[in-house]
Amino acid sequence: MIWEVFRQNQAGDYHTHCGNVHAPDREMALLFAEVQHGRRKPTNSLWVVPQEEIGEVDTEDAKFGGTTNKSYRFARTYNVEPAAEEVEASEKELTEAERKRGEA
Amino acid sequence: MNVEETKARASPREFSPKDDLPEEYRKAATRMLEFHANSEIMGAYLERPFIRKAPSLERKMAFSAKVQDEIGHGQLLYRAAESLGVKTRDEMLDDLAEGKGKFLNCFHYPLESWVETPMIAFFVDGAAMRRQATLKKSSWEPYAHAMDKICFEEGFHVKHGESILGELMNGSKKEQEMTQEAFDKWWPRILQFFGPTDDQSSHHDFAADVGLKVMTNDELRNAFLNTYLPKAKKYGLEIPDEPRIRENDDGTYDVVEDDLDWDEFFTIAKNDYEPGVGQIEGRKHAQDAVEWVRNALDEQEAIAAGGQSPQAAD
């Protein structure tokens, strides 16, 4: 049985997929994940998930974000007075996300 | 996808288990990965005795960590291999035990003396890492992912090997002589690590066309020599006169192929070389000795899957 492994670097971080292990049950999967994936890189926590329990939808089946112009939902569309600090930070994140979407 | 479509799409990390790949691709990728995985395992068995034989506690601990890493790399690569759907992990491990699984030429030779350890831990691992770094761009995504983790860990192996070499070559005259002797013995094998020259290599064309590998044997050998030849000299090792190595004006090297023992190389490639046969047998014994562990795990898996625990009839 194959278990997908997700590692969290430190408390508060997201668990990120880092590999998989063979194991007969959850307890052993956690042990093997610890040995294979939690030994060298900073690790605060590991998740193991049976591979067949993972569902997936990808760009072949879905149009993530739709196919029409959605500029109205992006902060940079709106030219107004200089924004408050946290609003500007949000805009930066949005711009970055949109740029990456364009690259993909 | 047919072969032509696969070649057209081939690029780094392009294909994953979700893709419908032609059998030719899956077989070629399995052959590469299985060879790589087997090599990790056989290399680990070769170095394992040096956990005991190493001359200091630090070296023992480093060898222990290294051997553990290599076994882990084998496991990662078997995972990347079996996801191609050609062979299961068990089949590959059994083939290795039965002498059918192929692995790196250098791991068919005995490793007996401490002065020999940097020949593997520095030169062979250095050569391997040079190759592995290029495989981060392999078209089989699970292979590239395994390389991310393997290269992350391998840096320690190569530097640890270099540290041993530096220590020996700064040691007593006797240590220096013994290390030179080991180098003379291992150098031709290390040059053969990258296989025959491109015009003699049988598997390269297809593997390159579908993006499984991105550099040829010759390019990798050159890249290795560019870095490791000066390093060997820097530590005071004399490069043997044969095999002859010609340095070209463009920074590339030509190794005179006729100076290398290709009969021995191809005997090794068939798993018929005597010391290598012993090393395959040695691993088989180790695998047999822990069969009860694998059986216990399989039993546990059956129970976890909702099956019945087998009756204790035996």
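A polar contact is taken here as a pair of N or O atoms within 3.5 Å, one of which must, within protein, be able to donate a hydrogen and the other to accept it. In the predicted model described here, a contact of this kind, 3.3 Å in length, joins the side chains of A:Asn20 and A:Glu4. The side chain of A:Asn20 also reaches across to chain B, where a polar contact of 3.0 Å joins it to the side chain of B:Arg79. A:Asn20 belongs to strand S2 of chain A, which runs over residues 16–22, and with a relative accessible area of 17% A:Asn20 is buried, because the value falls under 20%. When neighbours within four places in sequence are left aside, the residues in contact with A:Asn20 are A:Ile2, A:Trp3, A:Glu4, A:Val5, A:Gln36, A:His37, A:Gln51 and B:Arg79.

A second polar contact between side chains of the two chains is found at A:Glu56, which is joined to B:Lys18 at 2.9 Å. A:Glu56 lies in the loop between strand S3 (45–50) and helix H2 (85–103) of chain A, and its relative accessibility of 57% places it among exposed residues, whereas A:Asn20 is buried. Chain A itself is divided into domain 1, covering residues 2–53, and domain 2, covering residues 71–103; the centres of these two domains, taken over C-alpha atoms, are separated by 35 Å.

A further site involving both chains is A:Pro24, placed in the loop between S2 and helix H1 (26–37) of chain A. A:Pro24 is buried, its relative accessible area being 4%. Although A:Pro24 and A:Met1 are 23 residues apart in sequence, their C-alpha atoms are 5.9 Å apart in space. Beyond its neighbours within four places in sequence, A:Pro24 is in contact with A:Met1 and, in chain B, with B:Leu297, B:Gln300, B:Glu301 and B:Ala304.

The nonpolar cores were considered next. In soluble globular proteins, nonpolar side chains tend to be buried together. The largest nonpolar core in the model holds 75 residues, and the members that touch the most others are B:Tyr25, B:Phe107, B:Phe123, B:Trp140, B:Leu212 and B:Phe224. With neighbours within four places in sequence left aside, B:Tyr25 is in contact with B:Thr6, B:Phe15, B:Leu84, B:Ser139, B:Trp140, B:Phe206, B:Val210 and B:Leu212. Apart from this core lies another, of 8 residues, which includes A:Val21, A:Ala23, A:Ala33 and A:Leu46.

In one of them, the ring centres of B:Phe50 and B:Trp114 are 6.3 Å apart and the planes stand at 40°, so the pair is tilted. This pair links distant parts of the chain, with B:Phe50 in helix H3 (residues 49–53) of chain B and B:Trp114, 64 residues away, in the loop between helix H5 (89–97) and helix H6 (117–135). Both residues, B:Phe50 and B:Trp114, are buried. In another pair, that of B:Phe224 and B:Tyr228, the ring centres are 4.9 Å apart and the planes are at 15°, so the pair is stacked. B:Phe224 and B:Tyr228 both lie in helix H10 (residues 217–234) of chain B, 4 residues apart, which is about one turn of the helix, and both are buried. They also belong to one aromatic cluster, formed together with B:Phe122, B:Phe123, B:Phe183, B:Trp187, B:Phe193 and B:Phe194.

Charged groups are placed over two further rings of chain B. The charged end of B:Lys53 sits over the ring of B:Phe50, 5.0 Å from its centre, and that of B:Arg189 sits over the ring of B:Trp186, 4.6 Å from its centre.

Backbone geometry was examined last. Most residues other than glycine have a negative phi, and most peptide bonds are trans. The peptide bond from B:Glu242 to B:Pro243 is cis, with omega near -5°, and B:Pro243 is found in the loop between H10 and strand S1 (245–247) of chain B. A positive phi, near 55°, occurs at B:Arg13, a residue of the loop between helix H1 (3–9) and helix H2 (23–47) of chain B that is partly exposed, with a relative accessible area of 29%. B:Asn271 likewise has a positive phi, of about 65°, and lies in the loop between helix H11 (262–269) and helix H12 (274–289) of chain B; B:Asn271 is buried, with a relative accessible area of 6%.

Notes:
Residues are numbered from 1 along each chain as its sequence is written. Chains are lettered from A and ligands numbered from 1 in the order in which they are written. This is a predicted model: local features need pLDDT of at least 70, side-chain atom pairs count only at pLDDT 80 or more; totals for chains, interfaces and linings use all residues. Side-chain values use heavy atoms; hydrogens and water are left out. Domain bounds come from an automatic or database domain assignment. Rings of Phe, Tyr and Trp (its six-membered ring) pair if their centres lie within 6.5 Å; planes under 30 degrees apart count as stacked, over 60 as edge-to-face and the rest as tilted. Helices (H or I, at least four residues) and strands (E, at least two) are DSSP runs, numbered from the N terminus. Buried means under 20% relative accessible area, exposed over 50%, partly exposed in between (1.4 Å probe, protein chains only). A charge sits over a ring if NZ of Lys or CZ of Arg is within 6 Å of the ring centre and within 35 degrees of the ring normal. A nonpolar core is a set of buried Ala, Val, Leu, Ile, Met, Phe, Trp, Tyr and Cys residues joined through side-chain atoms within 4.5 Å. Contact means heavy atoms within 4.5 Å.
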